[in-house]
Amino acid sequence: MNGHADISAGDLLEVIRITKEFPGVKSLDQVSLGVRAGEIHALVGENGAGKSTLTKIMAGVYVAGQPLQWKSAADAKRHGIHVIHQELVLFPQSTVAENIFAGAEPRTRIGLLDHGRMNRDAQALLGELGVRLDSRERVGNLSVADQQMVEIAKAMAGETRVLILDEPTAVIAGKEVQLLFARVRALREKGVAIVYISHRLDEIFELCDRVTVMKDGRKVATQSVANTTRDQLVRLMVGREMKDIYPDKPILAPGVPNVLEVNGLCVGNRVVDASLTVRAGEIVGIAGMVGSGRTELAAGIFGALRAHRGTVDIGGTRRTRMTPRTAIRLGLGFVTEDRKSQGLLMLLDVAQNVTATTLAQVSRFGLMRPALERAAAQAAINEYRIAGAHPAGGVATLSGGNQQKVLISRWVRVCKRVLILDEPTRGVDVGAKAEIYRVMRELTSRGLGILMISSELQEVIGMSDRVLVMREGRINGEVSGEQMTEHDIMRLATTETSQTTGDAHEHAY
C-alpha cells in the first residue's frame with residue numbers, strides 16, 4: 001500500500017510509505033500508518049509480518065523516512081515516543097523511583113542526586129496512574145504487573161505523546177490485565193496516542209479503537225474495531241476463517257482406556273482434593289481464573305510440586321508420591337507456560353533442545369554423537385514443520401510459535417502416554433496457533449492423552465473434548481458438548497457450586 005490511505009490531518013504520528021530492507025529480506029514494503037491523539041490503535045499480524053520492524057522505526061531503533069528522521073531511540077524519546085517492550089527494561093536492584101527517572105534524575109543546586117524530590121515525583125506519577133507502590137521499593141521485589149506499571153510511569157515521566165505497547169499482557173492475566181487496561185484507557189483520555197501490539201484478539205476488541213493488519217511486510221488494512229469481526233480479522237491476518245483454525249474433534253470410541261487418573265490430589269494450600277481422568281486420544285482442558293490452582297495442579301501431577309495427599313496413576317502405575325523423574329519414566333511430559341526461562345535452553349541450538357530429554361539416545365559411552373543429535377532434530381523439524389529452523393541454528397532466533405514446537409517435539413520423544421500443556425499458545429500469532437493445534441490433534445490420533453491449561457476460553461472450547469473448571473484450588477465442575485460455552489465455563493470459574501449436585505449457589509463474585 002503506497003498512498004496516504006488512513007492517514008489524516010488528525011494523526012499525531014504518521015509513517016508514510018516506509019520500506020526497510022535487511023540483507024536478502026524486505027521487512028517492510030511501502031507501509032503507511034497514522035495514529036491519532038487519544039486513540040488506542042492495534043497493530044496485528046503473524047510473526048514476521050513486520051510489526052516489530054515498523055515499531056522500531058517509530059521508536060528510532062531503525063532509521064528510515066523523511067522529512068523527520070530520528071537519529072536514535074533517545075532522539076525519538078525526546079520527541080515524546082516511548083516503547084514498553086515485551087521484555088521489560090528495568091534495573092531490578094534499583095528502586096522504583098530510580099527506574100522511573102533513569103537518565104533524567106533530578107539534581108540539587110550543586111549537582112547531587114535529589115533523592116527526596118525523585119521519590120516525591122515518582123510517588124505523584126504512580127498516584128496519577130492509580131498505582132499503589134512505594135517509590136523506594138526495589139523493582140526486583142515487585143510482581144511483573146507492578147513492574148509494568150513502573151514502565152508506564154517511566155514513560156509518563158517525560159512528555160510522552162505516543163506510547164507503544166508490545167505484547168503487554170504476555171506475562172500477566174486476570175485482574176492484572178484489567179488493571180493495565182484501566183491505565184491504558186486513562187492515558188487515552190489524556191490524549192496520548194497508543195500503539196497496541198497483541199496476538200490476543202479478545203484484547204483488541206475489548207480495548208482498541210482502530211486496528212491495522214500487516215502481512216508479509218505490507219499493510220493489509222486499517223479499519224475501525226467496532227466495524228470488524230473476529231472472523232474478518234483472522235482472515236485478513238492468515239487468509240482463513242476462524243472456524244478453520246481449530247481441527248475437527250474426533251469421536252472417541254467407547255471403552256478407550258484412561259492414560260491418567262488423579263484421585264484426591266492436594267498440593268499445599270493451592271490444590272484441594274482434585275480428581276480427574278484423561279483417556280487415550282483425548283484433550284481435557286483446564287480452565288479457571290488466575291490463582292485458581294491450574295498450574296499448581298499440573299505441577300503436582302508431574303511431581304514438580306510435592307503433593308501431600310492423593311494419588312497419580314499413569315498407564316496403570318499408581319504413585320502416592322510423584323517426582324518428575326518417575327513421571328517421565330512412566331510416559332508423562334510437561335510443557336510449562338514459561339518456555340523461555342523454564343522450558344527451552346535459550347543459549348543452545350535446536351538439536352540440543354530437541355534431544356535434551358533423551359541424551360542416552362544420542363550418546364555412546366557418555367559421549368555425545370552429533371550426527372545422531374542432528375538427525376533427531378531434523379526429523380523433528382520435518383514432522384512438526386518448525387519454520388526457519390535447522391539443527392545447528394540457535395533456538396533463540398526462532399519465533400514464539402516455532403520455539404513452542406521445538407519444546408513439544410522434545411517432550412514427545414519421551415512422553416508416551418500423557419502430555420501436559422500449560423498455556424501452549426501464549427505469545428504466538430494466530431497462524432502459529434493453528435499449527436500447534438494441528439500438532440496436538442496429530443498427537444492424540446496416535447493415542448496420546450493431553451491435559452491442556454489455557455486462559456483463552458476460545459482455545460479451551462475449540463480444542464478440548466471436555467473442560468474441567470477450577471475455582472479456589474478445587475475442580476468446581478466439568479462441561480462438555482453443548483454446555484461447553486464461555487458462559488458456562490465462567491459461571492463455574494466464578495461461582496461456588498455444590499460438590500454433589502454441581503448446582504451453582506446464589507453468591508457469585
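The questions and answers below go through these topics in turn.

Me: Before we start, what kind of model is this, and what pLDDT do local features need?

Reply: Happy to set that out: this is a predicted model, where side-chain atom pairs count only at pLDDT 80 or more, totals for chains, interfaces and linings use all residues, and local features need pLDDT of at least 70. Residues are numbered from 1 along each chain as its sequence is written, and side-chain values use heavy atoms, with hydrogens and water left out.

Me: How many cavities of 30 Å³ or more are there?

Reply: A cavity here is a set of points, on a 1 Å grid over the protein atoms alone, where a 1.4 Å probe fits but cannot get out. Points are joined across faces, edges and corners, and a volume is the space filled by probe spheres set on them. Counting those of 30 Å³ or more gives 2 cavities.

Me: How do the residues lining the largest cavity divide by class?

Reply: The largest cavity holds about 50 Å³ of space. Its lining residues (those with an atom within 4 Å of a point) include Leu265, Gly300, Arg306, Val312, Arg319 and Met322. Ala, Val, Leu, Ile, Met, Phe, Trp, Tyr, Cys and Pro count as nonpolar, Asp, Glu, Lys and Arg as charged, and the others, Gly among them, as polar. The lining divides into 5 nonpolar, 4 polar and 3 charged.

Me: And which residues line the second largest cavity?

Reply: This cavity has a volume of about 40 Å³. By class, its lining has 4 nonpolar, no polar and 2 charged residues. The names are Leu125, Glu128, Leu129, Met156, Leu187 and Lys190.

Me: Turning to charges, how far apart in sequence are the parts tied together by arginine 185 and glutamate 206?

Reply: A salt bridge is a side-chain nitrogen of Lys or Arg within 4 Å of a carboxyl oxygen of Asp or Glu, and the model has 21 of them. Arginine 185 and glutamate 206 form one, at 4.0 Å from N to O. Helices (H or I, at least four residues) and strands (E, at least two) are DSSP runs numbered from the N terminus. Because arginine 185 lies in helix 6 (residues 175–189) and glutamate 206 in helix 7 (residues 201–207), the pair ties together parts that are 21 residues apart.

Me: Is arginine 466 buried or exposed?

Reply: Arginine 466 forms a salt bridge with glutamate 478, with the closest N and O atoms 3.3 Å apart. The pair links strand 19 (residues 466–471), which holds arginine 466, to strand 20 (residues 474–479), which holds glutamate 478. Buried means under 20% relative accessible area, exposed over 50%, and partly exposed in between (1.4 Å probe, protein chains only). At 13% relative accessibility, arginine 466 counts as buried.

Me: How many disulfides are there?

Reply: A disulfide is a pair of cysteine sulfur atoms within 2.5 Å. Cysteine 266 is buried at 5% relative accessible area, and cysteine 415 is buried at 3%. The count of disulfides comes to 0.

Me: On to the rings: what is the angle between the planes of tyrosine 246 and tyrosine 437?

Reply: Rings of Phe, Tyr and Trp (its six-membered ring) pair if their centres lie within 6.5 Å; planes under 30 degrees apart count as stacked, over 60 as edge-to-face and the rest as tilted. There are 4 aromatic pairs by this rule. Tyrosine 246 and tyrosine 437 form a stacked one, 5.0 Å centre to centre, with an angle between the planes of 25°.

Me: Why is the pair of phenylalanine 302 and tryptophan 411 classed as it is?

Reply: Phenylalanine 302 is in helix 9 (residues 294–302) and tryptophan 411 in helix 14 (residues 400–412), 109 residues apart. Both are buried. Their ring centres are 5.9 Å apart and their planes stand at 85°, so the pair is edge-to-face.

Me: Which residue follows helix 9?

Reply: Helix 9 is mostly covered, with 8 of its 9 residues buried. Among them are Arg294, Glu296, Gly300 and Phe302. The helix is followed by a residue with a positive phi, near 95°: glycine 303.

Notes: 1 Å grid on protein atoms, 1.4 Å probe; cavity = no way out; pocket = protein on both sides within 12 Å on 5 of 7 lines; lining within 4 Å.
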